[in-house]
Amino acid sequence: MSRSQRLLDLVQVLRRHRRAVAGAVLAEELGVSLRTLYRDIDTLRAQGAPIDGEAGVGYVLRPGFMLPPLMFSEEEIEALVLGSRWVSERADGSLGKAARNVLAKIGAVLPDDLKDGIEASGLLIGPGQRIAAGDAELATIRAAIRSERKLAIAYADEQGSITQRTIWPFALAFYDRVRVVVAWCELREDHRHFRTDRITALDVAPNRFPRRRAALLKEWRALRGIPEQ
């Protein structure tokens with residue numbers, strides 16, 4: 001492995017850890033000696049990487065550090081292409097367009113040999129069954145999640161009975177054929193899951209959640225034993 005690749009890998013490992021991680025753990029994950037790790041951290045700091053910490057305490061990369069567009073490995077390019085193509089086929093229209101734009105922007109800054117990997121990728125998303133309705137509302141739901149705004153919805157159960165709900169949406173799950181809003185329901189005073197194809201009416205409320213979205217998501221994960229992605 002080249003030194004530049006090793007430094008890039010170190011940055012990526014630090015990005016995966018949200019809290020300070022011991023140097024010995026980083027060294028083992030990267031397959032290098034502790035001495036090499038300390039030297040690489042000093043090199044990254046000299047290049048402007050905001051890495052906090054010290055030996056014996058641990059290290060953490062502060063948010064906001066941007067690497068120049070160096071390179072992607074072949075497998076990383078394949079992951080980008082496959083993921084973007086899946087989003088294009090399975091997400092709502094505006095999110096699919098955003099995925100295609102991301103690939104175009106990445107391709108614009110890659111060297112020619114790596115750019116060919118995007119254009120000639122043999123990884124395809126096969127045709128599937130028709131996705132459940134709700135596409136038109138997904139952009140509104142995603143915006144409400146980002147801005148932490150309540151939603152007033154009319155929701156139909158399996159028998160077609162409709163109830164009026166005020167929910168705090170904090171996640172949106174994409175399955176092969178169904179999209180599900182994960183939210184706190186004021187009517188039930190608990191976490192609930194709402195299929196988007198059963199939402200018959202939708203309005204964004206002017207008021208925000210009384211709790212932060214990150215806290216709601218963390219609580220929901222803990223209650224249901226769902227690991228972070």
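Helices, counted as H or I runs of at least four residues, and strands, counted as E runs of at least two, are DSSP runs numbered from the N terminus. The structure described with these names is a predicted model.

**Nonpolar cores**

In soluble globular proteins, nonpolar side chains tend to be buried together. In this model, the largest nonpolar core is made up of 16 residues. Within that core, the residues with the most contacts are L10, L14, L26, L37, L44 and I51. Two or more residues of the core come from each of the helices α1 (3–16), α2 (23–30) and α3 (34–46), and from the strand β2 (58–61). The greatest contribution is that of α1, which supplies five residues. Apart from this core lies another, of 15 residues, and A144, I167, L172 and I199 are among its members.

When neighbours within four places in sequence are set aside, L26 is in contact with V13, L14, H17, V21, L37 and Y59.

How are α1 and α2 placed relative to each other? Their axes lie 11 Å apart, and the helices pack at an angle of about 125 degrees. On the α1 side, the contact is made by D9, L10, V13, L14 and R16. On the α2 side, L26, E29 and L30 take part.

With its neighbours within four places in sequence left aside, T43 is in contact with R3 and L7. T43 counts as buried, at 15% relative accessibility.

**Aromatic pairs**

The model contains five aromatic pairs. One of them joins Y38 and Y59, whose ring centres are 6.3 Å apart and whose planes stand at 55 degrees, a tilted arrangement. Because Y38 belongs to helix α3 and Y59 to strand β2, this pair ties together parts that are 21 residues apart in sequence. The two tyrosines do not share an exposure class: Y38 is partly exposed, whereas Y59 is buried.

A further pair is formed by Y155 and F194, with 4.9 Å from centre to centre and 90 degrees between the planes, an edge-to-face arrangement. This pair links distant parts of the chain, since Y155 sits in strand β3 (residues 149–156) and F194 in strand β6 (residues 190–195), 39 residues apart. Both Y155 and F194 are buried. Ring pairs also link W168, W184 and F209 into a cluster.

**Residues in loops**

Two glutamates have a positive phi. For E148, phi is near 60 degrees, a positive value in a residue other than glycine. E148 is located in the loop between α7 (135–147) and β3. E189 likewise is not a glycine, yet has a positive phi of about 55 degrees. Its place is in the loop between β5 (179–185) and β6. Are these two residues buried or exposed? E148 is buried, while E189 is exposed.

R198 occupies the loop between β6 and β7 (199–208). Not counting residues up to four places away in sequence, R198 touches A154, Y155, A156, D157 and E158. One of these, Y155, is the partner of F194 in the edge-to-face pair. The C-alpha atom of R198 is separated by 27 Å from that of P227, and the two residues are 29 apart along the chain.

**Exposure of selected residues**

The table gathers relative accessible areas for residues discussed above.

| Residue | Relative accessible area | Class |
|---|---|---|
| Y38 | 26% | partly exposed |
| T43 | 15% | buried |
| Y59 | 4% | buried |
| E148 | 6% | buried |
| Y155 | 9% | buried |
| E189 | 63% | exposed |
| F194 | 1% | buried |
| R198 | 21% | partly exposed |

The cut-off for buried is under 20% relative accessible area. T43, at 15%, therefore counts as buried, and R198, at 21%, counts as partly exposed.

Methods. Residues numbered from 1 in each chain as written. Predicted model: local features only at pLDDT ≥ 70, side-chain atom pairs only at ≥ 80, totals over all residues. Heavy atoms only, no water. Core = buried A, V, L, I, M, F, W, Y, C linked by side-chain atoms within 4.5 Å. Buried < 20%, exposed > 50% of the residue type's maximum accessible area, 1.4 Å probe, protein only. Contact = heavy atoms within 4.5 Å. Phe/Tyr/Trp six-rings, centres within 6.5 Å; stacked < 30°, edge-to-face > 60°. Axes fitted to C-alpha atoms, helices over the stretch in contact; angles between N-to-C directions.
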